[in-house]
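Dear colleague,

Please find below the structure for your review. My findings follow directly after it.

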Amino acid sequence: MLKYLRRTAISIEGDRSAILELARGRLMFLGTCFALFFTVVLLRVIDLGVVQGDFARMDPVQVEIAALKAEREEKNKTVLRGNVYDRNGILLATTLKTASLFVDPSLVFEPEDLSRRLAEIFPDLSYAKMVHEMRQNKRFAWIKRSITPDQQKRVLDLGEPGLGFEYESRRVYPQGDLFAHVVGFTDRDGVGLSGIERNFESQLAAGQDVKLSVDTRLQHVAKREVSKAMADFTARGGVGIIMDAHTGEMLAGVSLPDFNLNDYSTAIDDAKFNRLTLGVYEMGSMFKIFSTAALLENFNVEMDHTFDARFPIKIGRFRISDYHPQKRMLTIPEVFMHSSNIGTAMMAQTVGGDKLRSFYADLGLLSKAAFDIREVGAPIVPSAPWSRISTMTVSYGHGLSTTPIQMAGAVATIVNGGFSIHPTLLMGSGGRSEKTSLRVLSQETSDRMRKLLRLVVTKGTGKNADVPGYAIGGKTGTAEKSINGRYERKKLMSSFVGAFPIDNPRYIVMVMVDEPIGNKKSYGYATAGWVAAPPVGRIVTAMGAILGMPTDHADPAKDISLELLPYLIEHKEEKKVASN
Amino acid sequence: MNIYIQYFAVFLMAFASGASLVVVSHKVQGVEREIARAEREISREQEAIRILNADWAYLNNPAYLEAMATRYLNLSAPKAEGLVSDFSSLSGNAVESEAVPLEADRIAVEGARVPTAENGRGVVPVSYVANAHPQEVGGR
């Protein structure tokens with residue numbers, strides 16, 4: 001009976017409880033789901049707040065991930081233009097954020113008063129113009145762009161709501177006019193227009209810095225001495241080069257007149273012209289270095305080989321004569337030290353036009369140089385094959401024009417043992433290695449040339465370049481400028497190229513002065529010995545002190561040029577006279 | 001009983017998760033503000049560094065330094081004869097200058113105050129001794 005009742009009770013309950021059970025089951029299910037959901041959320045929150053919070057900061061993996069994310073974000077921002085440095089890390093060009101002042105005329109109620117106060121802060125602005133701008137019916141007008149922080153502060157002190165600042169990037173050149181032609185300038189949008197700024201535009205725009213091989217201190221010295229020479233001799237232009245003889249790195253490259261990179265709009269055209277690399281000039285007697293080297297390299301001649309320099313050479317309608325005629329037979333060292341055109345022309349004839357031309361080409365004098373800036377001039381060369389007269393004039397540097405930088409590079413090749421170098425403005429891209437560099441002349445010829453160059457300074461036309469302590473060897477060159485097809489006797493290009501220390505040359509120093517006029521101290525002479533040799537000597541003195549180069553106050557009796565004395569006829573004459 | 005406990009548990013979890021969410025969110029906002037402020041300061045400092053670097057380079061301009069050196073230090077460019085790297089190359093004719101000892105009690109300049117070992121950080125006036133170069137005495 002009870003059993004039946006329970007069964008019925010259950011069954012009755014069962015009927016309803018089945019539905020109830022179902023409902024209850026569903027509720028249970030839902031409840032569990034929610035509970036699970038909230039548990040997950042709770043756990044996640046704990047995870048974020050506690051686990052990934054303070055603990056994660058110490059976890060190296062997490063830190064690295066965060067750093068990478070930050071880096072990626074940095075790159076997506078607009079990149080600041082790269083800086084330009086010299087070889088010692090001195091800043092030559094950088095970009096700074098400057099404020100530019102604008103006015104909102106609709107917020108200005110007293111234009112006259114405001115303009116007056118602004119005119120006090122910016123004396124170069126016109127009061128009337130500002131008042132006019134403020135009366136316009138627009139919402140925006142520039143007052144002045146790129147103001148200094150000092151001016152910005154004064155404007156803020158005005159407390160004028162109608163004024164505002166826009167921040168712009170501006171290219172700043174801390175060295176002013178010192179590297180005008182090397183570094184170059186940029187336009188308002190920060191795009192390079194000349195020099196390194198132009199040629200390395202893509203690199204700089206991507207934010208990469210450029211390190212140059214130039215040395216600010218040496219650049220200053222070169223500029224100072226070339227300026228002095230120009231001032232002393234009232235010249236119209238000048239060039240100064242200091243180059244590493246082994247790597248071709250330019251330590252100084254000066255072209256005068258120059259201009260201030262921060263203010264290039266006021267520069268005159270002559271100042272913007274890059275005489276270093278773009279100008280092509282007839283180098284005159286400096287080319288005798290190469291003709292003499294060509295002879296020594298291609299023929300097995302002794303130094304006492306003589307040339308008849310008694311009479312000028314007449315060929316066709318041309319006449320080749322010497323500036324200081326010796327009127328006698330000259331040995332090779334004598335031809336070089338007295339800078340005889342006749343002797344050199346004969347040397348060139350011996351070598352022949354073809355061999356001379358290919359020698360010059362190997363020295364990099366004939367073709368347009370590939371350089372680190374785009375402003376490069378193409379040499380003016382007589383067309384091949386060279387005629388007899390061309391060969392002769394080219395030997396003493398006339399009838400062929402090349403750039404000063406190619407000239408310096410060729411002299412470096414002559415004195416560094418004979419290895420061809422590439423002039424460069426960049427740090428560390430040089431580096432001559434015995435295997436990779438092309439050998440243009442033999443070590444023996446290079447050694448003999450060094451002695452000849454030293455002779456020019458000890459006994460020849462370059463005496464004014466001599467500096468005690470640093471043995472300089474070099475060559476003078478006084479070239480008459482060719483204007484409209486005629487050579488002007490009074491318009492000269494006086495130059496001197498020197499290498500020091502001549503026993504093992506490390507640097508080439510070259511100075512060129514454009515159209516010097518003789519002064520009282522030079523007895524009216526404007527030749528290279530008076531004009532260009534002294535600046536080279538002064539530059540070398542300063543370089544020695546700045547770079548800390550060891551001096552060599554060596555016994556003059558050990559000077560390498562003395563090895564050539566036996567080959568000088570005049571020396572033998574002197575000895576004969578002395579012994580009598 | 002069970003059901004009430006269950007309800008309570010669920011309610012508790014919901015409340016806890018909501019509360020912790022709010023707290024964490026608040027903390028995050030605060031941290032984000034801090035980050036933004038720090039980043040603004042960093043970029044301001046970086047710009048200041050750039051300006052200072054440019055200023056430093058400008059002050060290191062050789063022409064400017066040369067003008068300053070000539071005007072205030074009375075220095076001029078060195079002459080080649082004066083540059084020597086190897087003392088053995090100098091002749092032995094140099095005049096022996098009187099070596100001035102550097103101990104404070106030997107050197108004396110009138111009115112100079114030189115701290116001595118005895119009085120520690122004190123200063124003691126000393127009397128003048130001939131031939132001592134006044135500027136060589138210590139006393140920084």
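At what angle do helix α13 (residues 341–351) of chain A and helix α15 (residues 388–395) of chain A pack, and how many Å apart are their axes? In this predicted model, the two helices pack at an angle of about 130°, with their axes 8 Å apart. Since angles over 145 degrees count as roughly antiparallel and 65 to 115 as roughly perpendicular, α13(A) is therefore oblique to α15(A). The crossing of α13(A) past α15(A) is right-handed. On the α13(A) side, the contact is made by A:T344, A:A345, A:A348 and A:Q349; α15(A) contributes A:R388, A:T391, A:M392 and A:S395. Three of these contact residues are nonpolar, four are polar and one is charged.

- A:D113 and A:R117 are joined by their side chains at 3.5 Å, N to O. Both residues lie in helix α3 (residues 111–121) of chain A, four residues apart, about one turn of the helix. A:D113 is partly exposed at 24% relative accessibility, and A:R117 is partly exposed at 25%.
- A:R217 and A:D215 form a salt bridge in which the closest N and O atoms are 2.8 Å apart. A:D215 is buried, with a relative accessible area of 2%, whereas A:R217 is partly exposed at 35%.
- A:D308 and A:R310 meet in a salt bridge at 2.8 Å, N to O. A:D308 is partly exposed at 25%, as is A:R310 at 40%.

Kind regards

Terms used:
Residues are numbered from 1 along each chain as its sequence is written. Chains are lettered from A and ligands numbered from 1 in the order in which they are written. This is a predicted model: local features need pLDDT of at least 70, side-chain atom pairs count only at pLDDT 80 or more; totals for chains, interfaces and linings use all residues. Side-chain values use heavy atoms; hydrogens and water are left out. Axes are lines fitted to C-alpha atoms, for helices over the stretch in contact, and angles run from 0 to 180 degrees between N-to-C directions. Angles under 35 degrees count as roughly parallel, over 145 as roughly antiparallel, 65 to 115 as roughly perpendicular and the rest as oblique. A crossing is left-handed if the near helix is turned anticlockwise from the far one by less than a right angle, and right-handed if clockwise. Contact means heavy atoms within 4.5 Å. Ala, Val, Leu, Ile, Met, Phe, Trp, Tyr, Cys and Pro count as nonpolar, Asp, Glu, Lys and Arg as charged, and the others, Gly among them, as polar. A salt bridge is a side-chain nitrogen of Lys or Arg within 4 Å of a carboxyl oxygen of Asp or Glu. Buried means under 20% relative accessible area, exposed over 50%, partly exposed in between (1.4 Å probe, protein chains only).
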